[in-house]
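Let us take a walk through a protein model together. Have the sequence and the 3D view ready, and turn the model as you read.

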Amino acid sequence: MHDIKAIRENPAAFDAALARRGDAAMSSSLLALDEERRAKIGAAEAAQAAQKVAAKEVGAAKAKGDEAEFERLRALVGEKKSEVADMQNEAKELDAKLTDALARIANLPADDVPEGADEDDNVEVSRWGTPRDMDFAPVEHFEITGVAAAMDFETAAKISGARFVMLKGAVARIHRALAQFMIDTHVDENGLTEVNTPVLVRDEAMYGTDKLPKFAEDSYQTTNGWWLISTSEIPLTYSVAGDILEQSALPIRYTAHSLCFRSEAGSAGKDTSGMLRQHQFEKVEMVSVTHPDESDAEQKRMLRCAEGILEKLDIPYRTVVLCTGDMGFGARRTFDIEAWIPGQDTYREISSVSTTGAFQARRMNARFRPTDGGKPEYVHTLNGSGLAVGRCLIAVLENGQQADGSVQLPEALVPYLGGKTVLTPAGVLV
């Protein structure tokens, strides 16, 4: 959500920031609507003041016994009352129209975000690890001999349709181990508080975390109005909605492992093979609520938390900062971490770490009370994958694959797999 006062004060800067995202200028239409809204509010207030004056005069006429004046003034009060009600309703409609217009405009990019049109203009900022030199042609995760039978797309399609999978046996256990490893690392080493969140949320939570109204088609809604979450960012972030936090309580740092659901609207024909793009998946999410002065540093800290997971798993990766044309709707700045996927001979996104600034906080009215006693201010919110469990499973299986169809598993997972270190070509952990 954008501050209309800030747009009034510097419309050119607002339009310039939108232009960096590739969006058309909007300040003139917004300010025209705002001016009409404010004029209607002013007229309603003036009519209400006249109504109050007339109401006092009604009493005076009654006291004097002037029946004709009494009746005239009483009729005038009635007219003003109706006029005020009409004007107030019109003002509310204009206010709702302005709020809706502002809610559909993407967040403004930070000044240091590189300009660009799409993912080809993203800028690499770091790289870790060296892809293993395999003396055989690597295959994709679902083609690995020890994995194929345990990654059942056909049965899942029979049950649910396309873009679902059933994991069985050892592969299901590795998937579960990855989630447990991530959560334990974030809690024990990174200082995050674990939360088990609902996966069904109300409209308000979706709106407050910028998923509504613009992206309703990307999510699933139940017949009684709940939404299935696309990420636990939604319940974790919205947990502070309407709150005035003490500054001393910041930062708040949460992590959650949850099921996530996405309709994948507009992705027909994209990443149809394997587990890369599913309607249902699991993710370990990180969310921070911070003081505005600390949000940029917090984003870097969260990025290192996510990168550290891949380093512990010995998965080569690169980190890029997204350009203005590739950032998500609510993001002010986003870093993507891309894991090396040998079967595709490329890096693929496995985590996005974003700061939204006060964008979400304004939508859900989340504030903090400064220690110096000043007026409450909006908090800053950040979110990041720590990591996408299914995509991490892909990276582990493909980077650990051997020529005989087995998979060498990362040492970090051994405690979660009962001491087992290898997935055999027969799909057994040993």
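The paragraphs below go from the sheets to a helix, then to the cores and the aromatic rings.

A few ground rules come before the tour. This is a predicted model, in which local features need pLDDT of at least 70 and side-chain atom pairs count only at pLDDT 80 or more, while totals for chains, interfaces and linings use all residues. Residues are numbered from 1 along each chain as its sequence is written, and side-chain values use heavy atoms, leaving out hydrogens and water. Helices (H or I, at least four residues) and strands (E, at least two) are DSSP runs, numbered from the N terminus.

Start with the sheets. Strands of a sheet pair through backbone hydrogen bonds, either parallel or antiparallel. Here, two strands count as paired if DSSP finds at least two bridges between them. Find the open sheet of eight strands, whose order is β1-β11-β12-β13-β16-β10-β9-β4, with mixed pairing. At its edges stand β1 (123–128) and β4 (193–194), each with a single partner strand, so one side of each is left without a neighbour in the sheet. Inside the order, β11 and β12 pair in the antiparallel sense over five bridges; look for Tyr-317, which stands opposite Ala-339 in β12.

There is also an open sheet of three strands, ordered β8-β14-β15, again with mixed pairing. Its edge strands are β8 (244–246) and β15 (377–378), each pairing on one side only. Strand β14 (residues 367–369) runs antiparallel to β15, and two bridges join them. Phe-368 stands opposite Glu-377 in β15.

Now go to helix α10, which has 18 residues. From its first C-alpha to its last, α10 reaches 26 Å, close to the 26 Å expected at 1.5 Å a residue (the expected span is 1.5 Å times one less than the number of residues). This helix lies across β1, β9 (252–261), β10, β11, β12, β13 and β16, running at about 5 degrees to β16. Contact means heavy atoms within 4.5 Å, and axes are lines fitted to C-alpha atoms, for helices over the stretch in contact, with angles from 0 to 180 degrees between N-to-C directions. Among the buried residues of α10 are Met-302, Leu-303 and Ile-309, where buried means under 20% relative accessible area, exposed over 50%, and partly exposed in between (1.4 Å probe, protein chains only).

Next, look inside. A nonpolar core is a set of buried Ala, Val, Leu, Ile, Met, Phe, Trp, Tyr and Cys residues joined through side-chain atoms within 4.5 Å. The largest one has 49 residues, and those with the most contacts inside it include Ile-174, Leu-178 and Leu-397. Among the elements giving two or more residues to this core are α7 (169–188), α10 (295–312) and α12 (389–400). The most comes from α7, with nine residues.

Finally, search for rings: the whole structure holds six aromatic pairs. Rings of Phe, Tyr and Trp (its six-membered ring) pair if their centres lie within 6.5 Å; planes under 30 degrees apart count as stacked, over 60 as edge-to-face and the rest as tilted. Phe-215 and Phe-329 are edge-to-face, 5.2 Å centre to centre with 75 degrees between the planes. Phe-215 lies in the loop between α8 (203–208) and β6 (220–221) and Phe-329 in the loop between β11 and β12, so the pair ties together parts 114 residues apart in sequence.
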